Amino acid sequence: MELNRRTVIAGAAAAGLAATTLGSQAQAASGGKPVKELFGTLADGTKVYRWSLENGGTRLKVLSYGGIVQSLEIPDRHGRYANVSLGYDNLAAYVAGTTYFGATIGRYGNRIAKGRFTLDGRTYQLSVNDGVNSLHGGAQGFNTKVWDVEPFTAGTDVGLHLHCTSPDGDMGYPGTLRTKVTFTLNRHGDWRIDYEATTDRPTVVNLTNHTYYNLAGEGSGGIYDHELWLAAGRFTPTDAGLIPTGELARVAGTPFDFTRPKPIGRDIRTGHPQLVTAKGYDHNFVLDKGVTAGPQHVATLRDPGSGRTLRILTDQPGVQFYSGNFLDGTLVGPSGRTYRQGDGLALETQHFPDSPNEPSFPSTVLRPGRTYRTTTIHAFSA
């Protein structure tokens, strides 16, 4: 879905707001060739690059390390730009970090209980990095890989193809997985992510993106006044380790009901046992539409102060809503300000957590000869 943002962009031009430059290079608001610069060097000497894209008034910066969204700038109702994604201004912080700011997540987004699953009668032990569980692909998931990046322009679109090959046995997963993730900005400023993967042995796959949003601007404070709508009449309650119990609980009459837009902070401190366990929202919401052939509108996030609005469309059956519960004031963003609890939120489109171990959940199994494909669109307006 594409949202027309000519009014916002025209307002920005009238206010004399120029496109941000990368070094001495600038891109037109209508799109241009992606721009590459050195962002840092890993301990083994591997160079990490930052790619800058601009189209339709949206400015996106992506790192080859982790396929990370390092910055995402969009205008407010007055045409004033702000970076609405949490992150860092240096490579060392990303390497040391455990928050997954902006990262491409794989092989398996979210948690797998005890880091173990059985497929075709064989049990696989995965890397355990979240207590006794495996989280976001293990200790060296896709968020730690250096991706091969290929820029492209296609008509009025501009984007990046990111490639990563995960060998058989990587973090305990079976099969060599060849992954391609495509980031596209269209002329309306919508950010589209297309995921593809193939394997040479049966395996499980659940790819997603872990951008933390604050539509008022990163470093501006909390997101509890943001209004959220989710097309989800059920959610998956969790145990103390944040592993789904297998229940598909109704949201009606609970703090988990976002079927009508409401401020995130309205019910977050109600004392509901699930909120106490997770220290806020950190739950998979079961989308009413289920798995679909193409992306459908499933979530809307709006900041009343700036007017910035994010609409999410996906073909996936679930979305993990995480309200930044474990941000503790020790991390410093590009603005030079610290991140505290509730200063950002993630909306990760996905299959359900621990689905390899829960037969009632949609399957994440990928077999040779098949291609894993999924699409999520982030449409911005103000």
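Visitor: Is K61 buried or exposed?

Guide: One compares the relative accessible area with a cut-off, and buried means under 20%. In this predicted model, K61 has a relative accessible area of 15%, so K61 counts as buried. The residue belongs to strand β5, which covers residues 58-63.

Visitor: Which residues does K61 touch, not counting those up to four places away in sequence?

Guide: K61 touches R50, W51 and S52, and also I68, V69, Q70 and S71. As for D315, 254 residues away along the chain, its C-alpha atom is separated from that of K61 by 25 Å.

Visitor: Is T104 buried or exposed?

Guide: The same cut-off applies, under 20% for buried. T104 has a relative accessible area of 3% and is therefore buried. T104 is part of strand β8, residues 103-105.

Visitor: What lies around the side chain of T104?

Guide: A polar atom of the T104 side chain is 2.9 Å from the backbone oxygen of G67. With neighbours within four places in sequence left aside, the contacts of T104 include G66, G67, F142, N143 and W147. V181, F183, T208 and N209 are also in contact with T104.

Visitor: How should I read the strands, and which strand pairs with β20?

Guide: In a regular strand, side chains alternate between the two faces of the sheet. Here, strand β20 (residues 227-230) runs antiparallel to strand β25 (residues 296-302), and four bridges join them. Within this pair, W229 is placed opposite T300.

Visitor: How many bridges are there between β25 and β26?

Guide: There are six, and the pairing of β25 with β26 (residues 309-314) is antiparallel. L301 faces L310 across this pair. The two strands make a hairpin with six residues between them, and G307 in the turn has a positive phi of about 85°.

Visitor: Which residues other than glycine have a positive phi?

Guide: D120 is one of them, with phi of about 55°. L242 is another, with phi near 65°. D120 sits in the loop between β10 (116-119) and β11 (122-125), while L242 sits in the loop between β21 (234-236) and β22 (249-250). D120 is exposed, because its relative accessible area is 53%, whereas L242 is buried at 9%.

Visitor: Where is there a cis peptide bond?

Guide: The cis bond joins G106 and R107, with omega of about 0°. R107 is located in the loop between β8 and β9 (111-112).

Visitor: How many residues are in the largest nonpolar core?

Guide: The largest nonpolar core has 53 residues, and W191, L230, F285 and F321 have the most contacts inside it. Another core lies apart from that one and has 21 residues, among them L86, Y88, Y339 and A346.

Definitions and conventions: Residues are numbered from 1 along each chain as its sequence is written. This is a predicted model: local features need pLDDT of at least 70, side-chain atom pairs count only at pLDDT 80 or more; totals for chains, interfaces and linings use all residues. Side-chain values use heavy atoms; hydrogens and water are left out. Two strands pair if DSSP finds at least two bridges between them. Buried means under 20% relative accessible area, exposed over 50%, partly exposed in between (1.4 Å probe, protein chains only). Contact means heavy atoms within 4.5 Å. A polar contact is a pair of N or O atoms within 3.5 Å; within protein, one must be able to donate a hydrogen and the other to accept it, and residues adjacent in sequence count only if both atoms are side-chain atoms. A nonpolar core is a set of buried Ala, Val, Leu, Ile, Met, Phe, Trp, Tyr and Cys residues joined through side-chain atoms within 4.5 Å.
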